[in-house]
Amino acid sequence: MRRTRIMAAVAVASALAVGLTACGGGSGSSSTSGAATYNAASGGKVVNASDTKGGTLRMANAGDWDSLDPADMYYGYEWNFARLTGRGLLMFASAPGQEGTKLVPDLATSLGQSSDGGKTWTYKLRTGVKFEDGSTVTSKDVKYAVERSLDKTVFPDGPTYFNDFLDLQGYTTPYSDPTPDKLGLKAIETPDDSTIVFHLNTAYSGFDYFAALPSTMPVQQAKDTGADYKKHVVSTGPYKFSENNLSKNFTLVRNDQWDPKTDPNRKALPDQITVQLNVNADDIDSRLLAGDLDVDIAGTGVQAAAQGKILANPQQKANADNPVGDRLWYTAINGDVAPLDNIHCRNAIEYAADKTSYQAAYGGPTGGDIATHLLPPVTQGSESFDQFPTPNNAGDDTKAKQELAACGQPNGFSTSISYRAERPKEKNTAEALQQSLSKVGIKLTIKPFPQGDYFKLYAGKPDYAKNNGLGLMITGWQGDWTDGFGFLKQIVDSRTIRDSGGNSNLTVKDPAVDALVDKASNTADNDARNKAWVDVDKKVMSDAYILPGIFAKALLYRPTNLTNVFVNDAYGMYDYLALGVKK
């Protein structure tokens, strides 16, 4: 999941228990309903477990969505939230702790059945599932949903897994193919209304993870309006949109066509869910602490001012959680922008950066641990290494100047650094890097861009980044699931980069890295495969296209009004599908 994207299957370090049950205090999980305690919603626990329905769940976002269209979203909070209105073939379990990283059937009756050596995957759909207009969901609606997501000109922000792995034979979009079953897409078959079959161009044993992508949430071709579909996404989940004022606010109400008998995964507790967009981040924190808001939907934690208040106040601290996830905050180093096309100039940045100030920008150790490589410690097979060691992680000006001399810039150089304008921690990071790099003569001009279009139009659009001199681009990434493929594929494989924008890989363009990605993907033995992904990590770091910042933690705050609260390790934040409120 991109960028904090993501659909991350996050592994919380303290959540190693097995046998947890979804949403509530069954065998293997624990729940708390008495006095609140710090980190109570992490590690497989449920706070204020409840099945009580009713009330309004109030949420706010400091920025804006990529898009409300399931084909065009890639932030982790968006995938978490999308399950309220849409049902994909599979989903991550709505469950606390590591149990939440397990795939369970949603629209499908079971996990996929593979054949042809893992190149063909078949799913059967549940009966009785309907759209909000009363129409029955069929396999053709799922096929069309995936089909439209292939068009990365119309939908630049979604992941590229289906583009990369389906046997498309040149097929790109249904919008120029009015009868795709006859003219184009042979990679997906629907032999009947309850069966869908996917044909891959290469065997992949993890295809079930693709079947859990939001782009498998069904779309009626007759209701599709292309790029405008985000204005009214037709629901198959327990809630539907009653109003949607783009970039301002939207409201969800109960979908009377949703039948809980067809859906074992959703409790649908609130009667209504309201979401405000582009709200000042510090104002969100103040409203949370005052009880005037229930959830900061971005799920990346409170800002510095609120963090200080919460940690200093025992009563407020008892209502906070500090989960660890497989998320990396980092800065992409753009080899398309001179003189960063020279590896020694990129190395200079690696050595000059003060990682302690990077960590401080995210709130110190509460915000995460200093990172020296890409794969977070909780990701399967991760190994710790540091190819650019500096004293106390505070930078090494001498080595940085040596690298500057080697790249023909002994007095330093000037470039720009971008960040998401709605994110104070990223602004703090830009200022920290500006200060530490200036010590060796590297001068940074700071450029903020809107979160909702950051990847679509700015940092993630190669021509814009190059032509506007974005030498450094602050970003973040949360693995789509908890192995090397799920974490690295979308951010280091150059073949995922699209000229149209919406990229998560902002800077890594090395055929040798691509070859190592293929080697790791095709390695059958689990231990050998994990080691191969570490080799990818090491090669990307040796290229110096990425400056790792910190392995993320987040200080989340849960007002006492919230019920059924737990951190789902698939998202590294509270599970939005499970939440209720006290009326």
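The protein holds 17 helices and 25 strands, where helices (H or I, at least four residues) and strands (E, at least two) are DSSP runs numbered from the N terminus. Its radius of gyration, taken over C-alpha atoms, is 23 Å, close to the 25 Å that the globule rule gives for 583 residues, so the protein is as compact as a globular protein of that length; the globule rule is 2.2 Å times the number of residues to the power 0.38. This is a predicted model, in which local features need pLDDT of at least 70 and side-chain atom pairs count only at pLDDT 80 or more, while totals for chains, interfaces and linings use all residues. Residues are numbered from 1 along each chain as its sequence is written, and side-chain values use heavy atoms, with hydrogens and water left out.

Taken along the principal axes, the C-alpha atoms fill a box of roughly 70 × 60 × 45 Å. Of the 583 residues, 62% count as buried, a word that stands for under 20% relative accessible area, with exposed meaning over 50% and partly exposed in between (1.4 Å probe, protein chains only).

Among the strands, one can follow an open sheet of five, in the order S10-S11-S12-S3-S13 and with mixed pairing, where two strands pair if DSSP finds at least two bridges between them. The edge strands of this sheet are S10 (239–245) and S13 (295–296), each of which pairs on one side only. S10 pairs with S11 (residues 249–254) in the antiparallel sense over six bridges, and the bridge partner of tyrosine 239 is arginine 254 in S11.

Another antiparallel pair is made by S8 (residues 188–192) and S9 (residues 195–199), which share three bridges. A hairpin joins S8 to S9 through two residues, and isoleucine 188 has phenylalanine 198 in S9 as its bridge partner.

The structure also holds one disulfide, that is, a pair of cysteine sulfur atoms within 2.5 Å. Cysteine 345 and cysteine 407 form this disulfide, with their sulfur atoms 2.1 Å apart, and it links distant parts of the chain: cysteine 345 lies in helix H9 (residues 343–352), whereas cysteine 407 lies in the loop between helix H11 (397–406) and strand S17 (414–420), 62 residues apart. The torsion about the S-S bond of cysteine 345 and cysteine 407 is about 80°, so the disulfide is right-handed. Both cysteine 345 and cysteine 407 are buried.
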